[in-house]
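This briefing looks at one annotated site in a protein chain, at the strands around that site, and at the chain as a whole. Please keep the sequence and the structure in view while reading.

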Amino acid sequence: TVVYRLQEPSDDSSEEEAAGDTEMDFLRNLFSSTLGLGSADKVLDELTLDGVARYIKSGKCKNIICMVGAGISTSAGIPDFRSPGTGLYANLQKYNLPYPEAIFQIDYFKVNIRSRSSPCCFLFDFYQPTICHYFMKMLKDKGLLKRCYTQNIDTLERVAGLEGDDLIEAHGTFYTSHCVSFCCRKEYNLDWMKEKIFSDDIPRCDKCSSLVKPDIVFFGENLPVRFFTSMKMDFPRCDLLIVMGTSLQVQPFAGLVGRVSKSCPRLLINMEKAGQADPLFGLLGFGGGMDFDSDKAYRDVAHISTCDDGCLALADLLGWKVELEELVKQEHAQIDSQDKKEKAGGKSEAAKSSSASVAPEPKKEE
Ligand SMILES: [Zn+2]
C-alpha cells in the first residue's frame with residue numbers, strides 16, 4: 001500500500017539510514033528555525049538558472065548527477081510511449097496489444113520480436129542524440145559528471161559518448177542483449193540483435209539456442225543491481241542534481257531526488273514542475289520532495305522549457321554555448337555520414353521505411 005518505498009531486496013540498512021537522516025533533518029530544521037542557523041545550507045546565491053551557473057563556475061561543484069527521462073529524447077523523434085496522444089501510443093493500436101506497455105513485456109516480446117513490423121523496431125532506427133545528451137557529454141569531458149541515471153532505453157546517452165561507467169540505465173538498455181538461459185547468459189551486441197530482427201529471425205543463442213533478449217527491464221522484472229549499489233555511493237556525494245525530461249512519477253527512480261544531501265541544489269529542466277513534496281511524503285517520513293516556490297525554498301530551481309533549450313541556456317551562462325553547438329554539429333554530421341554508408345549498403349533500408357510510420361517526426365538537426 002505504501003508507494004514511496006525503494007524496493008531493495010534483502011537489505012534494509014538503507015531504510016534505517018533514511019529514517020536516521022529524517023530525524024537528523026528534523027533536528028537540524030528545528031535548530032535552524034529557532035536559532036537562525038539556516039544560512040549554512042544555502043549553496044545557491046539565487047534560485048535561478050543564473051544561480052546554478054554561478055555555482056558550477058565557482059569550482060565548488062565537482063560532482064554533478066543527471067537524472068533523465070523520456071523528455072530528453074522527444075526532440076530526437078523518439079516518442080514517449082507512456083504519454084497518450086503521442087505517435088507511438090496511437091500507433092500501437094494496430095498491433096492489437098492488450099495495453100501499450102505490453103510491447104515491453106517479456107512474454108509478448110518472445111512471441112513477437114521476430115517480425116520486422118514489430119513495435120520494438122522503432123528502437124533500432126538511427127536516431128540522433130539531442131543537445132541535452134551532448135550537454136551531459138560536455139559535463140563528462142569537463143570532469144563534472146558523477147553519473148547519469150536514465151530511465152530511457154533508447155541508448156542515445158551512449159551514442160552521445162557516455163560510457164558504461166558514466167551511466168546507470170535504470171530501466172535497462174537495448175545496447176546489449178543476453179541469452180536467457182541461466183547456465184549460458186552469453187552477451188550479444190546491438191548489431192547482432194538488429195540483424196536477427198531485420199532478417200525476421202527469432203534471436204536465438206549461437207551457443208545453446210535459447211532465446212536472446214535485450215537487456216531492458218521488462219515490466220514485472222527487477223531493476224539492475226547496479227542501480228541500487230551506485231545509488232548509495234553516488235547520491236550522498238552529489239554537489240548538484242540536474243533532473244531533466246522526467247515527471248518523476250515512476251518509483252524507485254523518482255525517489256532518488258531525496259537521496260542527495262540537504263544542502264545539495266537541485267535543478268529541474270522540464271516542461272512542467274515535477275517532484276514537488278506531496279503531503280504523503282511528510283506523513284510517511286520521507287522528506288526530499290522538491291520545493292521551488294514556498295517561503296522555505298532554498299535549493300530547488302525549476303527551469304520550465306524543453307530540455308534542449310534549458311541546456312543551451314545553461315551552457316550559455318557557463319560560457320560553453322559555442323562549444324556545445326559545435327559538438328552537436330560535428331557529432332550529427334558524423335552520424336549522418338554513417339547513416340548514408342549503411343543506406344548505400346542497403347542494410348537498413350527496410351528498417352527505415354517500416355519505422356517511418358512509427359515516428360513520423362522529421363529529425364531535428366538545425
Ligand atoms: Zn545461450
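Predicted model: local features only at pLDDT ≥ 70, side-chain atom pairs only at ≥ 80, totals over all residues.

Two strands are taken to pair if DSSP finds at least two bridges between them, and strands themselves are DSSP runs of E with at least two residues, numbered from the N terminus. In these terms, Ser-177 stands opposite Tyr-188 in β5.

**The annotated site**

- An unreviewed UniProt entry places the feature "binding site" at Cys-179, Cys-184, Cys-205 and Cys-208.
- These positions are spread over 30 residues of sequence, yet they cluster in space, with a largest C-alpha distance of 8.9 Å.

**Cys-179**

- Cys-179 belongs to strand β4, which covers residues 172–179.
- Because 22 C-beta neighbours lie inside 10 Å of Cys-179, this residue counts as buried, the cut-off for that class being 20 or more.
- Once neighbours within four places in sequence are left aside, Cys-179 is in contact with Cys-184, Cys-205 and Cys-208, among others, and its partners also include Arg-185, Lys-186, Lys-207, Ser-210 and Val-212.

**Cys-205**

- Cys-205 is located in the loop that runs between α7 (190–198) and β6 (212–216).
- Cys-205 has 18 other C-beta atoms within 10 Å and is therefore partly exposed, since that class lies between the limits of 12 or fewer for exposed and 20 or more for buried.
- Not counting residues up to four places away in sequence, Cys-205 touches Cys-179 and Cys-184, and it also touches Ser-181, Lys-186, Ser-210 and Val-212.

**The sheet that contains β4**

- An open sheet is formed by 3 strands in the order β5-β4-β6, with antiparallel pairing.
- The edge strands of this sheet are β5 (187–189) and β6, each of which pairs on one side only.
- From one strand to the next, the twist averages 40°.
- The antiparallel strands β4 and β5 are joined by 3 bridges.
- In general, strands of a sheet pair through backbone hydrogen bonds, in either a parallel or an antiparallel manner.

**The chain as a whole**

- The protein chain contains 12 helices and 9 strands.
- Of the 366 residues in the protein chain, 34% are buried.
- Among the contacts in the protein chain with a separation of 6 or more, 71% are between residues 24 or more positions apart.

Conventions. Residues numbered from 1 in each chain as written. UniProt positions renumbered as here; feature names shortened; annotations may be inferred. Helix = DSSP H or I, 4+ residues; strand = E, 2+ residues; numbered from the N terminus. Contact = placed C-beta atoms within 7 Å. Axes fitted to C-alpha atoms, helices over the stretch in contact; angles between N-to-C directions.
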